[in-house]
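Me: I'd like to learn how to read a structure like this one. Can we go through it together, one feature at a time?

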Amino acid sequence: MSRVPLMLMSLISLFFSTLLPAEEIAADFRVEYGIFGQVGKAHALLRSDDRYYMIEANVSALGIAKAVTDDLKERHISKGHISKGFLVTDMYQMIKSFGPYTTTTIYSVDHKKKSVTRQYKRWRYDQQTVNETERLDYYAEDDLLTLFLNLPKHIKEKYTPKKYQFKAVGEDRKNGRVDITIPSKQTLKEIIDFVGEGQEGDWYSRVVMHRKLYDSKQGELDVRIGKEGLVEKAVLKDLIFFGDVRIIRQ
């Protein structure tokens with residue numbers, strides 16, 4: 001349950017999957033976990049013009065999750081530029097606080113050298129205990145937030161079964177891999193059982209984050225996206241003991 005805010009941040013950009021120039025969009029979200037009900041909330045803000053963008057989101061645990069995680073809070077910031085209609089990340093930062101601890105992770109992307117640098121710092125109360133910097137083994141133009149914002153442009157055929165593989169800064173440290181599948185008819189029936197049957201124009205996907213979120217095998221989510229590009233429902237399923245995680249836009 002300590003991964004509640006991380007789980008929400010991995011999905012929050014799905015709800016922002018339409019973007020217009022010179023725009024400011026704000027949204028609130030809730031995450032529900034099986035029999036526990038609501039265990040997390042988030043407020044997100046996206047600002048953009050025809051050249052640059054910034055996404056900022058604040059996430060916090062609620063109820064039993066707040067107690068278990070020692071009042072965990074996270075702030076996520078993505079800044080970058082816009083190229084050919086795509087959001088291109090230049091910097092992605094995650095700030096986390098829980099109990100006496102505060103951590104910050106900053107990913108810096110050098111597009112000329114095609115490299116990503118990760119800096120991690122940790123404090124206990126006001127005493128810094130960790131300061132590490134490393135160059136990662138992969139390069140990506142997307143981060144965890146921008147990948148899904150760019151998804152409607154990445155995937156042109158939204159109703160044709162196909163598997164896609166992407167890289168996202170802030171995802172798996174080794175390769176940043178995210179797999180997204182447009183389902184076959186048989187798999188589509190399984191997904192609809194979890195996320196419900198939408199209206200005409202809605203499309204569906206299965207997203208694998210390659211993380212053992214909530215004791216799931218690999219962080220596999222079923223997602224229903226409305227024709228306007230906004231996610232209607234996302235479900236992380238097949239969890240041990242407690243049922244599904246449901247992400248809901250308010």
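Me: How many salt bridges does a search of the whole structure find?

Reply: Side chains of opposite charge can pair when their charged atoms come close. Here the search turns up seven salt bridges, each a side-chain nitrogen of Lys or Arg within 4 Å of a carboxyl oxygen of Asp or Glu. Keep in mind that this is a predicted model, where local features need pLDDT of at least 70, side-chain atom pairs count only at pLDDT 80 or more, and totals for chains, interfaces and linings use all residues. Residues are numbered from 1 along each chain as its sequence is written, and side-chain values use heavy atoms, with hydrogens and water left out.

Me: Which parts does the pair Glu134 and Arg118 tie together?

Reply: Those two side chains form a salt bridge, 3.4 Å from N to O. Glu134 sits in strand 8 (residues 127-135) and Arg118 in strand 7 (residues 115-124), so the pair links parts 16 residues apart in sequence. Strands (E, at least two residues) and helices (H or I, at least four) are DSSP runs, numbered from the N terminus.

Me: Is Arg118 buried or exposed?

Reply: Buried, at a relative accessible area of 10%, while Glu134 is partly exposed at 31%. Buried means under 20% relative accessible area, exposed over 50%, and partly exposed in between (1.4 Å probe, protein chains only).

Me: What does Arg206 pair with?

Reply: Glu190, with the closest N and O atoms 4.0 Å apart. Arg206 belongs to strand 11 (residues 203-208) and Glu190 to helix 5 (residues 185-195), so this bridge also joins parts 16 residues apart in sequence. Shared partners put Glu190, Arg206 and Asp222 into one network.

Me: Now for pockets. What is the volume of the second largest pocket?

Reply: Rolling a probe the size of a water molecule over the atoms shows where empty space is left. The second largest pocket comes to about 200 Å³. On a 1 Å grid over the protein atoms alone, a pocket is an open set of points where a 1.4 Å probe fits, with protein on both sides within 12 Å along at least five of seven lines; lining residues have an atom within 4 Å of a point. Volume is the space filled by probe spheres set on the points.

Me: Which residues are closest to its centre?

Reply: Of the 14 lining residues of the second largest pocket, Phe86, Ala140, Glu141, Asp142 and His154 are closest to the centre. Strand 5 gives the largest share of that lining, three residues.
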